Each structure stands twice: as C-alpha cells, then as structure tokens.
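I am keeping these notes as I go through one structure.

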Amino acid sequence: MPRSNATWLLLLVVAFGAGRFPAGAKIQFDVFPGFDSVARAGAWYPVGIEIFNDGPGFDGVVELDAGQGTLRIPIELPSNTRKRFTVPLFNVSRNFLAVDGRLLDDRGKVRDEQLARRVTVQGWEVPLMGALPGSFTGAPAFPELSQSQPAWQPRVARLQPELFPDSPIALSGLNSLYLNTARALELKEPQVQALVSWVEGGGQLIVAVDQPTDVTATPWLQSLLPASPSGLAEAPIGRALDDWVRAGNWRPEFAARVPDTTRSGATPSAQRFLRRSPEGVDPFVALVSDGTMASAAVPVLGLRPRGGRTALSSDGRALIVEGRRGLGQVVVLAFNPEREPLRSWSLRPWFFARLADIPAPLLAPGDRNPFGSRGLDSVFGAMVETRQVRKLPVGLLLLLLLGYLVVIGPFDQWWLRRINRPMLTWITFPLYVVLFSGLIYFIGYKLRAGQTEWNELQVVDVVPRGDGGRCLLRGWSFGSLYSPANETYALGSSLPVAAVRGEFRGLWGAGPDASRITVTARPQGFDAEVFVPVWTSTMAVADWEEDDAPAPIQARNTDNGQIEIRNDSGRTLGPLWVVGPEGMQMVPELAAGATRVMDPREGGADRLDHLMASWNGRFQGALSQRDETFGGGERVSIDDWPEAAVAASFPAAMQSPGGSYVWPAGFDLAPLLTQGDVVVMAWYPDATLTPPLNRFESIRSRKGTLLRIAVPAEGRP
C-alpha cells in the first residue's frame, strides 16, 4: 500500500475514534454504602449510587456485592446525564463490611468500579438515628461514651436529601429519624412515600419546625404531624427541658425500638419491659443542669395538638407533641434545636438520647457483652425446611468409616494371603474404592433423594388506613427450596416495594449461610436466581410492602375493653389469638365475613408467658440441630406453623443468656404490649396473602400466612 493511502487510513481511524469518544469523555461512578458509612448488624442499609456519563449513551448494569449475593440494577445512561438512586442491601456481618460496586455496559465490560468500600458496623442492639438537619453544624448527636467497643456507641448518621432512600426497606435499619422541615421541601415523592411507610411500619420521626410556612407548604408533612404550628415567641424553657431530660417519664410508642440488653428470661408482661440499668444506675439522673440554659430565652412555636398528645409543656405552652402513626410515632418539637441557645446546650446530646429512647445501660461507660446471637430466620427455617432430607447419624458414619478401613487393611491382607495371591491387591484395592463409593452414594440417595419442593410462610402486619377498610401490608416471606438435582431456580416478586436475601443465621454461634442469590432489581419488585446443589435445600427471605391494599382483617376496641374482629379475607381464618398486656385468648376459627368479640383478659396473664417458655426450648433445639452437618437420629422440625409463628412474633420475650435472637426491624410485637396495645393474630391457612416467591413448578409445596394487627390502647388515636 502506498504511504499516502496508509496515512489517509490512519487519519480516518483517528477521526472516527474522536467522533465516537469525544475528548475528555469519561464516566463518574460513585458508591456510597450505609447511613453515612454506618450500617447495623443484621439489618438492611441503603447503598447510594451516583453516575455521570459524559460520553456516548449506553445501557448498563450496576453490580453490588457485599459477601452474601449479587444485586444487579439495570440502568439507561444517555449521553451527558447524571443519575442518583439508592438500593437496599442486607448486612450479615457483626464487625466487618465492605461493598464492591461495578458499572458494566451492555456487552458485560467493566466501565468503572469501586471496590471494598468500607462501612462501619454498629451493634444490632444499639440504636441508630438518621438525620436530615437544616445545617451541617446543627445535626443532632448522642453522648460520646468511653469504651473500647465502637460498635456499642449509639450513633447519628447524617443523610443527604439527594441520596435519601426511596424504599422503606432501605430505611428499616434506622430506629429514629430527625427531620428539619427546611429539608422536607427537598424530598421527592418516592422518598416521601418511603419515609411515610417507614413511620407507619414502626419508625420514629422527630420533626423540628424551622418555619411554620415549611409545614403549610408541604401537604404530606402537614397531614403527618400530630400538631399544627403557629406564631413564634420567646420563652425561658431551659429548666423544663433540663428536668425532662434528667427525670422525664417518657415512653415513646414506636415498634422499631431496640431490646433492653439487661433483661434475661423476660416475659411479655408490660411491667417487665421497663428499661433499667444494672444495679439501678441511671446516667440521666446523674446529669448536671445547665445553669446558662435555665435562664436563656428560646424561640418557641405555638403547637396545637391534632391527633396527638402533649408530652412536655412549660407554663401552659406545648414543647413536645407526639402522635401515633400506624406502628410508628411522629414527635414534633416546638423549638429548633439547631439554633442558639439550644445548639450550645450542654445536655443537648442527652436530650436526643432521651427522645430516641436509648436504654440507659447503653449510655453507661464500660465494655459490654453481645446480646443478640441467633437469627430468627433460622426459627422459620426449621418450620419451612423440607422433611425429605434426613441426616446420617454420626455413629453410623464412624461405623462405615471403620468398616472401610478394616476392608482395605486387615481383611484385604488376610484373604489375599489365604489364597496366596498378595499381588492381587493392585486389583482389589480399586474395587473396594468403587464398592464403598457406590455404597455411600446409595446411602446418600436413600437419605436425601426426593422431589422439588417449595414451602413458604408469610408473616404480615396489617396497618389500617382511614376507616380500616384499606391498609398498608408489611410482610416477611420465609421460603425454603429443596432440589433433587444441581439446578438454578427463579424467584421473584412484582410488588413495588420488595427485596430478597438469603437466610441470616445470626451474629454469634452460627455458621454463615452458604447460599448466594443473584438478584435483579426491577421498577416493580425483583427477579432472582438461586443455585441449589443436589439433595440440599436453601432458604430465601423477602421483605415487602403493599400500600393501599384491601384489609384482610379489621379489629377495634369496644366500649367495655373487648376486641371486635371482622374477617374480610374471603376465607375462613383460624386459629385466632388476641394478646394483650393482661392476658391472651384463642379461638379455633372465624368464618369469612363473620365478626367476633374477644377478650384477652379471659385467658389469664401468664398464658402467653407459658407459650413462650414452651416454644423457646423447641426453637433452641431446632437451631442447634439445624447447624449440624450430621444428625444424631430423628430430625428436629417444627410442624405447628400457626402457634410457632405466634411465639416467634415475641422474640424479646425469649431472650436469655443461654439463647437469644436477632430479628428484623419492627418484627417483635413486645413493644406494642409495653404501650398497652392489644395484638390480634389470625392464621390464613394453606395460602399466601400475596403471590408466592417461587417462579417454578414444585411437586411438593406447603404455604401459610400469619396476619397480625395492633389495636391501640383505649383512649389512644
């Protein structure tokens, strides 16, 4: 080829490349895991993603991996666009968490990656508050403790409105959230929906009103608040705040509270759920008043309760108003703690600790022992796991091994000498290996071979809306899959808010879950693939919500303290339990469309205590056997799904030094009994309330659902 033609060809290639990839074109890919790089152990946390594509557009996939499975998020990236979004991941670690993020194009090529993004792990039993403050310096804080275990330090995580989660599942790792109304204006509709659902599902929202117009200009916030703000005036409220922090009778009513780490062998009776410190030490009482704050004039808004009650007042002026929203709570402050003189108040960190209801033992200095150990997932795993698999007792395994050693050793030598053919060992030894391999396969086949099986148990909280005919459904689906072959199976959900993970075995004393699930996030739900080795089973757990759904069951207080229950599910429910602070009553069934009045006081105050005590031993036995590779005989299984699911709904009542549990946020119903509520639980037999997770045909299957609905104490909204 002439040199001139080669030169022109080179220029054309360069020009084509310059047109396709403009000078300076690049991709900015950032991963922000955790709540301000903090995540609670055994809980969901958000991962924020920000991508800026300054080059040609393409269809890509974001892959996230934190050790348990892979989450894939398909995304379109047109030229010169910036996209921000958040997705939930689940933390299975108690002390180390790192997230790998990759951006792939439609050909599977890695365009950018952020590997090993470290996240600080906070103890599961330690409160975590999120914060959307009006200013960087105004963010709330908890008292700094003197101890060598950072995981036991209660924390406040500062959040950014741009990357605030738009899924209530991603928010479920928080116990409380502080919101300055100036930031409420910046939240988009999906973020608002997630926030409201999180509150109704059991979270605590603390609102500081910056300006009354912030509320009137934000309809969703105005309808959520239990009080209406009005004009601003200055008042000396420091002494009232000091007294409330040091000795306030504050019992916040929200379900997502952490357990009291000082209790052992507790029962769900209301008087036994009081927070207390070892040896009666209360760090709040020991606080010294701030003399400067006592006489300072503080700007205070007028608060008129609307569907709420005044928790603190001074000279007839409401300072704190709280109101129940679903299973959660909204607290409104008549003052802005981000402004002076409150920002310099020496008891300010303790004020937020009191608001968030941090147990007093967690605020005392000194090291602590871990509280939660075994994952509650494994209790449900013992219910839904296949009965087709039997374990080989250790004694028989040792006997088989001993027989193998005898045959290849003394027996082989003895009979070859007897026939005077010692050289035949080159033939007999391989034959022994083949024989025993076939025997082992045959034994394994007899113990484990079966048919494809999918079992699913749902636990669903019914949170009424309006007159009770519509509701928010918040559910957990515990599914177990048994495979007779090496196979990959499809799972999925089309609910708008849904996420799936593997089994969480616990933080202490339990082996890690070996399953790895590949999940693809969709605008409506998810698709997932799980590989199951031959003759084994694996577990999947889905968290989900369905808003504005028809209520399958309704319950309300009557004038004489009884509970009226109506079955709107379209099928017979049963058994039914009504549990209150003073007792429990059970009836066998309630026909479709029927109404029944029940009184928990008729069952006796200790009936639930006895139920917890009887099931706790069975749960612990099933969990111990579940972790053993080889069994000692009969497999421990839990076949009474309805009653076992009821017992598992009160895990805090079964905490003890010998065995304790880690449960999903808001799953425990004990806080509701503490605040005087009555809980109605109804078994929805042989079906799931929403479509099951499996997207494959199973020859064997079992399903069931436990419906739970809380009835507020008399006199409460």
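I began with terms: two strands pair if DSSP finds at least two bridges between them. Helices (H or I, at least four residues) and strands (E, at least two) are DSSP runs, numbered from the N terminus.

I noted what kind of model this is. It is predicted, so local features need pLDDT of at least 70 and side-chain atom pairs count only at pLDDT 80 or more, while totals for chains, interfaces and linings use all residues. Residues are numbered from 1 along each chain as its sequence is written, and side-chain values use heavy atoms, with hydrogens and water left out.

**Entry 1: strand β16 and its partners**

I looked up what pairs with β16. Strand β15 (residues 309–314) runs antiparallel to β16 and is joined to it by five bridges. Within this pairing I found arginine 309, whose bridge partner in β16 is glutamate 322. The hairpin of β15 and β16 has two residues between the strands, and aspartate 315 there takes a positive phi near 55 degrees.

I then checked strand β17 (residues 328–333), which pairs with β16 over six bridges, in the antiparallel sense. Valine 321 stands opposite valine 332 of β17. This hairpin, too, has two residues between its strands. Here glycine 326 has the positive phi, near 65 degrees.

**Entry 2: burial of β16**

For burial I used relative accessible area: buried is under 20%, exposed is over 50%, and partly exposed is in between (1.4 Å probe, protein chains only). β16 covers residues 317–325, and eight of its nine residues are buried, so the strand is largely enclosed by the rest of the structure.

**Entry 3: salt bridges**

I counted a salt bridge where a side-chain nitrogen of Lys or Arg is within 4 Å of a carboxyl oxygen of Asp or Glu. A search of the whole structure gives 29 of them.

I looked at arginine 324, which forms a salt bridge with aspartate 677, with 2.4 Å between the closest N and O atoms. Arginine 324 lies in strand β16 and aspartate 677 in the loop between α15 (670–674) and β32 (678–685), so the pair ties together parts 353 residues apart in sequence. Arginine 324 is buried at 8% relative accessible area, and aspartate 677 is buried at 1%.

I also looked at arginine 566 and aspartate 568, whose side chains meet in a salt bridge (2.9 Å, N to O). Arginine 566 is partly exposed at 44%, and aspartate 568 is partly exposed at 28%.

Last, I noted a network of salt bridges that links Glu50, Arg82 and Arg84.
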